[in-house]
Amino acid sequence: MTRIENILNPLRDPRDKRLPRVAGPCVLVLFGVTGDLARKKLLPAIYDLANRGLLPPGFAVVGFARRDWEHQDFRQLAHDAVKEHARTPFREEVWNQLSEGIHFVPGTFDDDAAFEQLATAVKELDVKRGTGGNYAFYLSIPPKFFQDVVKQLQRSGLSKPSEGSWRRVVIEKPFGHDLASARELNEILHEVFPEESIFRIDHYLGKETVQNILALRFANTLYEPIWNRSYVDHVQITMAEDIGIGGRAGYFDGIGAARDVIQNHLLQLLALTAMEEPVSFEAESVRAEKAKILSAVRLPADLDTYSVRGQYAAGWQGGVKVPGFREEEGISPGSRTDTYAAMRLDIDTRRWAGVPFYLRTGKRLARRATEVALMFQRAPHLPFAQTDTEELGQNALVIRVQPDEGVTLRFGSKVPGTSMEVRDVNMDFDYGESFTESSPEAYERLLLDVLIGDPPLFPRQEEVELSWRILDPVEEYWDKHGAPESYPSGSWGPKAADEMMARDGRAWRRL
């Protein structure tokens with residue numbers, strides 16, 4: 001039976017997931033098409049979806065930017081971006097079909113005439129490409145412009161769907177810079193779009209290994225019985241970067257590592273790791289369990305002891321001399337922005353009571369790695385001589401998010417020989433070796449979910465606000481208590497982070 005026959009077979013169970021999900025007819029409007037995100041991630045992801053047969057013939061992309069361009073100018077930018085950054089091989093026939101639906105509208109966010117032109121352009125595409133009046137608006141722009149664009153979409157009638165069609169808006173993190181601004185942003189969006197039409201993208205949630213946390217936990221009977229306070233000693237969640245701020249000085253200075261990474265990426269990883277099993281994997285069920293966990297997170301009473309911020313100084317990275325943060329172009333010499341942040345959090349639930357969660361993130365660290373590590377309690381009794389197990393550490397289950405996606409299980413094993421000697425060994429699952437097809441980029445999955453209208457991987461406003469409730473008191477404390485501790489580039493961060501762990505009789509994992 002052919003694939004088409006399968007699709008048309010009325011007796012086929014619609015719950016069968018073996019067939020790929022394919023988007024319906026629609027237009028994707030990209031605001032901020034000249035930025036790095038559009039060029040390096042969004043446009044290549046669109047091509048990769050088309051190359052995999054997941055976009056319909058009735059699909060179009062409209063770029064909007066302050067450029068004196070014609071359609072062919074934007075098509076050339078998209079062509080070059082795809083050739084350089086796409087994950088899948090470049091095929092002329094795929095590009096030719098896709099490029100026919102690529103259009104450009106020049107204008108600024110306060111230009112009424114430009115949005116009228118945009119409204120005309122998408123209506124013409126409804127006729128020429130059969131896009132059905134379905135529009136997704138991707139705001140790949142600084143948050144300060146969200147209100148301008150959303151109001152223009154409302155004024156021009158673009159935000160209001162016709163009968164039988166849909167309109168959606170996509171925003172990138174940060175979702176505000178604190179609780180108050182997050183609420184203000186939410187009010188701006190809700191004046192124009194209902195909650196179900198708002199997609200807040202956290203690209204980490206589109207990564208295969210992040211989604212695999214749920215598969216690992218709830219598709220296997222092996223782990224769930226030990227996924228609790230009776231067996232887990234503590235949990236470490238790390239996102240380490242070996243690069244500096246690059247060209248992001250304008251964004252990063254004043255924001256810092258905690259707001260940039262912990263508030264969204266790491267707290268989402270914490271929620272997925274600690275949540276209870278949802279009744280289903282529908283969006284509302286998954287989101288409800290994540291919200292329960294975030295609402296149960298408790299900050300330590302002593303933030304001086306259990307929260308750390310740092311700022312990278314000059315040092316050596318990969319054999320190259322690199323400048324310190326305050327020496328980067330566009331950074332004030334007196335900046336107090338954190339490039340490293342670490343903290344302990346506790347979760348007041350029956351499953352996790354007494355199990356600390358340690359979160360850390362930093363730039364210019366020794367290597368790039370993101371992982372979730374469950375560190376298990378030591379065996380209550382070892383019937384071996386002390387010298388037999390002197391190098392034996394804790395059992396650990398490590399979910400490697402990047403760059404070497406997979407799962408590692410660390411346990412003790414006897415060393416071959418005539419004597420009883422036990423050492424730590426690793427058993428690895430590697431995505432690249434276990435599956436013949438390569439993992440799609442996060443933006444492929446997330447863009448497809450937007451076009452289909454599938455929201456489980458997108459945090460809702462409740463999660464955003466709960467995350468800011470956790471981080472805001474830490475940021476307020478830091479603002480009142482001195483500057484971040486300096487650490488040399490190429491190291492593993494400030495000494496205070498190691499001291500924080502040592503006070504609890506623990507240590508950070510070597511990555």
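Start your tour by selecting Arg 39, which counts as partly exposed at 26% relative accessibility; the model on your screen is a predicted one. Arg 39 belongs to helix α2, which covers residues 36-51. Show its surroundings and, leaving out residues up to four places away in sequence, you will find Arg 39 touching Pro 44, Ala 81, Glu 84 and His 85. Arg 39 and Gly 58 are separated by 19 residues in sequence, and their C-alpha atoms lie 23 Å apart in space.

Next stop: the aromatic rings. How many aromatic pairs does a search of the whole structure find? The search gives 17.

For another pair, jump to Trp 352 and Phe 357. Here the ring centres are 5.3 Å apart and the planes meet at 80 degrees, so the pair is edge-to-face. Trp 352 is buried at 0% relative accessibility, and Phe 357 is buried at 0% too.

Together with Phe 31, Phe 109 and Phe 145, they form one aromatic cluster. Keep Phe 31 highlighted and look around it. Beyond its neighbours within four places in sequence, the contacts of Phe 31 include Phe 64, Phe 109 and Phe 115 from the cluster, and also Leu 118, Phe 137, Tyr 138, Leu 139, Ser 140, Ile 141, Val 149 and Leu 153.

In soluble globular proteins, nonpolar side chains tend to be buried together. The largest nonpolar core in this model has 150 residues, and those touching the most other members are Phe 31, Ile 46, Leu 118, Leu 139 and Phe 357. Which helix gives this core its largest share? That is helix α10 (residues 256-274), with eleven residues.

Stay on helix α10 and select His 265, which lies in it. An unreviewed UniProt entry places the feature "active site" at this residue, His 265. His 265 has a relative accessible area of 3%, so it is buried. Setting aside residues up to four places away in sequence, His 265 touches Lys 173, Asp 202, His 203, Tyr 204, Met 239 and Asp 260. Draw a distance to Asp 202: the side chains of His 265 and Asp 202 make a polar contact of 2.7 Å.

Now colour helix α8, residues 208-218. Nine of its eleven residues are buried, so the helix is largely enclosed by the rest of the structure. The buried residues of α8 include Thr 209, Gln 211, Asn 212 and Arg 217, along with Val 210, Ile 213, Leu 214, Leu 216 and Phe 218.

Finish with two charges placed over rings. Select Lys 83 and Phe 90: the charged end of Lys 83 sits over the ring of Phe 90, 4.7 Å from the ring's centre. Then pick Arg 364 and Tyr 312, where the charged end of Arg 364 sits over the ring of Tyr 312, 5.9 Å from its centre.

Terms used:
Residues are numbered from 1 along each chain as its sequence is written. This is a predicted model: local features need pLDDT of at least 70, side-chain atom pairs count only at pLDDT 80 or more; totals for chains, interfaces and linings use all residues. Side-chain values use heavy atoms; hydrogens and water are left out. Rings of Phe, Tyr and Trp (its six-membered ring) pair if their centres lie within 6.5 Å; planes under 30 degrees apart count as stacked, over 60 as edge-to-face and the rest as tilted. Buried means under 20% relative accessible area, exposed over 50%, partly exposed in between (1.4 Å probe, protein chains only). A charge sits over a ring if NZ of Lys or CZ of Arg is within 6 Å of the ring centre and within 35 degrees of the ring normal. A nonpolar core is a set of buried Ala, Val, Leu, Ile, Met, Phe, Trp, Tyr and Cys residues joined through side-chain atoms within 4.5 Å. Helices (H or I, at least four residues) and strands (E, at least two) are DSSP runs, numbered from the N terminus. Contact means heavy atoms within 4.5 Å. UniProt positions are given in the numbering used here, feature names are shortened, and annotations may be inferred rather than shown by experiment. A polar contact is a pair of N or O atoms within 3.5 Å; within protein, one must be able to donate a hydrogen and the other to accept it, and residues adjacent in sequence count only if both atoms are side-chain atoms.
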